[in-house]
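Here are my notes on the model, as numbered points. Please read them with the coordinates open.

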Amino acid sequence: MAHISLVTFYDTMCMGIRYLSSFLKEHGHTVDLIFFKEYSSRQVPEDANAVQKIYKPGSIYASVYDVNPPSDEEFRHLKDLLLELAPDAVGISTRSFGLPLAKSLAERVLSTLPRTLTLAGGYGPTLQPEEFAKYYDIVCFGEGEQLILDIAQCINAGQGQADIRRLNNAFYLDKAGTLVTNAVSNPLCDLDELPVPDWSGQGHYLIDNDTVTTEGIVFDDWLDVFITRGCFSSCSYCMSGQWSAIYHKYLDGKFPKVRTRSPERVIQEIADAASHRNLKKIRFMDSIFPISKPFLRQLLSLYKKEVGIPFFCNIFPGAHDAESLHMLMDAGMTETVLGLQSGSEYIRKEIFNRNVSGQSLIETAQTLEEGGVHVKYDLIGFNPFDTPATSLETFNFVTKLPSNIPMSVFQLVFFPGSPLYARYSQDKPQGMPEAHHRMWTYAWHLAARGGDDRAFAENIVRENPEKPSQKAIEALREGFFTLTGVDWNASGTTRHQEG
């Protein structure tokens, strides 16, 4: 049978390669999972050079290679491990941010394995196949279970790269450097056909801190679970809701925007894990937890009866109304993130394509506070479409929310292929000076704290929101950096999604 090593960057949970591993093992193939670098987030100076900065109360953070780049020793460990394992194929799974690291890995590690087939899959290679195909033999388009199995079967049958390059969903560069795109198959609709992700720990390796380990890769007290694939929303900055549109570039067929596992299958996965792990928390990692009330009633009734462990999930205000929120809280939802993204109706609806009203957001925040749920607010800042007027609208909106709730303001990052990036490229908005974006970020945080901090910020931002003075900016900055003591990490190990 085939032997395949799968590598991912900065994500020891990586459900993608865990699903692929289980699927291959179910068909008799050998799989290694190599987690190259663990996710890390650290406080950085405001002028740090980082792909994305996250402003939390009183501090600024960056993550992954911006704060913990791979060392020469770690690259050597990866090369030595792959030489020792001697797989037939090495595949990477990564997002768009991983392109530079994928290139380095190909040049520094995979080049020493000339007879090994190299594969690239995940959001990044699917969105930028031409770029990843420069360094990898095959780009795996879309969801990878069927293609990775087809590749393993070709290897097992003694077929070479020419045969593999004829498989559906296999993209590659021809000798002229032109991207060849084969036929694309529909993604699997019945998710119950998939095995559960591979949490066995067998053949799993973590390379970080200049060492290789097979121990402690996954925390024993929580479990990550996906109920769905896809997303019912179509936020312009995020790729989760664009999955069907990405497929339709190459595929005429139709498939559901969201595909959902059965409640029984979900509960079985959790119960099986709980039987041999000391689980204290379940993290439902769906972009948005299912919104169908009949489904929620069935799933949550089973969850209360057979699991009963506190859980985290992502909600969508409006789609999850008060009744749905109370069902979730009654079943054990103790933590969530409230994606505000912007307090401006125009930015939220016309730029971000989030069809949710400000009133729904406020009512959701109030319901969650009354229910004792640990909530964190998320906003998107440094948005070139923002103006002083929309920024002030966001400030005023935040003042209407329950106060003293931890908030993160994410620096906007454009993903290749996203509708927001296409609009930005077309409209070329001038945007505000960076100093003004920072000022509004400080002000939003002070507004979220409430009390004297909110009043202090109000007096400053309403004096001259169009042209704030340097003195005003410095005053808000000083106020922001005095904020401490309310931040918490809603989902354990925060993960950067393609969104």
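**Notes on the model**

1. Ser93 touches Val7, Thr8, Phe9, Cys14, Ile17, Gly121 and Gly122, leaving out residues up to four places away in sequence; contact means heavy atoms within 4.5 Å. Ser93 lies in strand E6. Helices (H or I, at least four residues) and strands (E, at least two) are DSSP runs, numbered from the N terminus. Ser93 is buried, at a relative accessible area of 17%. Buried means under 20% relative accessible area, exposed over 50%, and partly exposed in between (1.4 Å probe, protein chains only).

2. On provenance: this is a predicted model, where local features need pLDDT of at least 70, side-chain atom pairs count only at pLDDT 80 or more, and totals for chains, interfaces and linings use all residues. Residues are numbered from 1 along each chain as its sequence is written, and side-chain values use heavy atoms, with hydrogens and water left out.

3. Strand E6 (residues 89–93) pairs with E7 in the parallel sense, over five bridges. Two strands pair if DSSP finds at least two bridges between them. Thr118 in E7 is the bridge partner of Val90. From E6 the chain crosses through helix H3 (residues 99–108) to E7, and this β-α-β crossover is right-handed. That is, with the strands pointing away from the viewer, the path from the first strand over the helix to the second runs clockwise.

4. How many residues of strand E7 (residues 117–121) are buried? Five of the five are, so E7 is largely enclosed by the rest of the structure. Both faces are covered: Leu117, Leu119 and Gly121 are buried on one side, Thr118 and Ala120 on the other. In a regular strand the side chains alternate between the two faces of the sheet. E7 also joins strand E8 (residues 138–140) through three bridges, and the two run parallel. Leu119 stands opposite Ile138 in E8.

5. Leu101 lies in helix H3. Leu101 is buried, with a relative accessible area of 9%. Leaving aside neighbours within four places in sequence, Leu101 is in contact with Phe9, Tyr10, Phe36, Pro70 and Phe75. Its C-alpha atom is separated by 9.2 Å from that of Pro69, 32 residues apart along the chain.

6. Nine strands form an open sheet with mixed pairing, in the order E3-E5-E4-E20-E19-E18-E17-E16-E13. Strand E3 (41–43) and strand E13 (222–225) are the edges, each pairing on one side only. E17 and strand E18 (residues 333–341) run parallel, joined by two bridges. Phe312 stands opposite Glu335 in E18.

7. The largest nonpolar core has 74 residues, and Ile282, Phe284 and Phe311 have the most contacts inside it. Helix H16 (residues 434–449) gives the largest share of this core, eight residues. A nonpolar core is a set of buried Ala, Val, Leu, Ile, Met, Phe, Trp, Tyr and Cys residues joined through side-chain atoms within 4.5 Å. Beyond four places in sequence, the contacts of Phe284 include Val225, Ile227, Phe311 and Asn314. Apart from this core lies another, of 42 residues, among them Tyr136, Phe141, Tyr205 and Ile246.

8. The count of aromatic pairs comes to 22. Rings of Phe, Tyr and Trp (its six-membered ring) pair if their centres lie within 6.5 Å; planes under 30 degrees apart count as stacked, over 60 as edge-to-face and the rest as tilted. Phe232 and Phe316 form an edge-to-face pair, 5.2 Å centre to centre with 75° between the planes. Phe232 lies in the loop between strand E14 (228–230) and helix H8 (243–248), and Phe316 in the loop between strand E17 (311–312) and helix H11 (322–331), so the pair ties together parts that are 84 residues apart in sequence. Phe232 is partly exposed at 34% relative accessibility, whereas Phe316 is buried at 5%. Elsewhere, ring pairs link Tyr123, Phe141, Phe171, Trp243, Tyr247 and Tyr250 into a cluster.

9. Gln341 has a phi near 65°, a positive value in a residue other than glycine. Gln341 is in strand E18. Asn404 also is not a glycine, and has a positive phi of about 60°. Most residues other than glycine have a negative phi.
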